[in-house]
Amino acid sequence: MPVTVVVGTQWGDEGKAKVIDLLAADHTHVVRYQGGHNAGHTVVVGSERYALQLVPSGILYPHVTPVIGNGVVVDLVTLFAEIDRLESRGVSCERLAVSSLAHLIFPWHQRRDAVAEAGRGDAKIGTTLKGIGPAYADKASRTGVRVGEVLDAAAFARKVAERARAEHQQLVAQGDEAFDIDGVVSQSLTLAERLAPYVTDTVGLLHDALDAGAQLLLEGAQATFLDLDHGTYPFVTSSNPTAGGACAGTGLGPRLLDRI
């Protein structure tokens, strides 16, 4: 079957990683379609244990192209820490493709997450404080920064600096501590330079792969009861782990999904 989607039907601890790892052997691409580094998959190969947060599980197969789709929000610090760990263990990440349309998480998103959660008092949602929700909020409000923007370093630097100043002002007004704007911009530029080789039009990549007879496996984080629309709202994640989210998060139409 050309396109398979693995969906958790509870809260995300159903053993999706094992299923995805088994299925990946028969697929050419493994695509993460939503979520961020607030969830992940643990895969055991022999005596080796791999904890994956952003990098798709298919990275462990030399024949698989691992793809981070447009529906994912990407924390670059976490991504490259994960890549470095994998490569130090002999797992090549050179095949990894990151969607140019995916949104980036910045330190201010994590600060906003913490401020909002603290302000809820006894009504805390239980967020992981990793900036996932605020990054998706910026995506919806059309103020986010996307992966593809790193390809123009000067424009990227200007936009990050502009967003950092605005976020700094807002956070301080809410009683949060000041942060080093120049430091955030400098770190972001360093990470952006490293990200550039991975940036890909993944929507085109996946459609071209299907036209060439590829087998695609789509993996989500979390599960149905944490779906933003269909879960136990408000105690949910900020994206759609269900099969509909797989379409939006990859750019593949619903008629292309063969097995869920």
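**Strand pairing, pockets and rings in a predicted model**

Biologist: Which residue of β9 stands opposite Ser-99?

Modeller: This is a predicted model, in which residues are numbered from 1 along each chain as its sequence is written. Local features need pLDDT of at least 70 and side-chain atom pairs pLDDT 80 or more, while totals for chains, interfaces and linings use all residues, and side-chain values use heavy atoms, with hydrogens and water left out. Strands (DSSP runs of E, at least two residues) and helices (H or I, at least four) are numbered from the N terminus, and β7 (97-99) pairs with β9 in the parallel sense over 2 bridges. The residue of β9 opposite Ser-99 is Thr-200.

Biologist: In β7, what is the bridge partner of Ile-68?

Modeller: Strand β5 (65-68) runs parallel to β2, joined to that strand by 4 bridges, with Val-31 opposite Val-67 in β5. β5 also pairs with β7, in the parallel sense and over 2 bridges. There the partner of Ile-68 is Val-98.

Biologist: Which helix gives the largest share of the lining of the largest pocket?

Modeller: A pocket is an open set of points on a 1 Å grid over the protein atoms alone, with protein on both sides within 12 Å along at least five of seven lines, and lining residues have an atom within 4 Å of a point; a cavity is a set where a 1.4 Å probe fits but cannot get out. Points are joined across faces, edges and corners, and volume is the space filled by probe spheres set on them; the largest pocket has about 600 Å³. Its lining has 25 residues, with Ile-125, Thr-127, Val-236, Thr-237 and Ser-238 nearest the centre. Both α3 (107-119) and α4 (132-141) supply at least two lining residues, and the largest share, 5 residues, comes from α4.

Biologist: Which elements give two or more residues to the lining of the second largest pocket?

Modeller: The second largest pocket holds about 210 Å³. Its lining has 16 residues, of which Gly-12, Asp-13, Lys-16, Gly-40 and His-41 lie nearest the centre. The elements giving two or more are α1 and β3 (41-45).

Biologist: How many residues apart in sequence are the parts tied together by Trp-11 and Phe-225?

Modeller: Rings of Phe, Tyr and Trp (its six-membered ring) pair with centres within 6.5 Å, planes under 30 degrees apart being stacked, over 60 edge-to-face and the rest tilted; the whole structure has 3 aromatic pairs. The rings of Trp-11 and Phe-225 have centres 4.7 Å apart and planes at 70°, so this pair is edge-to-face. Trp-11 is in the loop between β1 and α1 and Phe-225 in the loop between β10 and α8 (243-248), so the separation in sequence of the parts tied together is 214 residues.

Note on methods:
Pairing = 2+ DSSP bridges.
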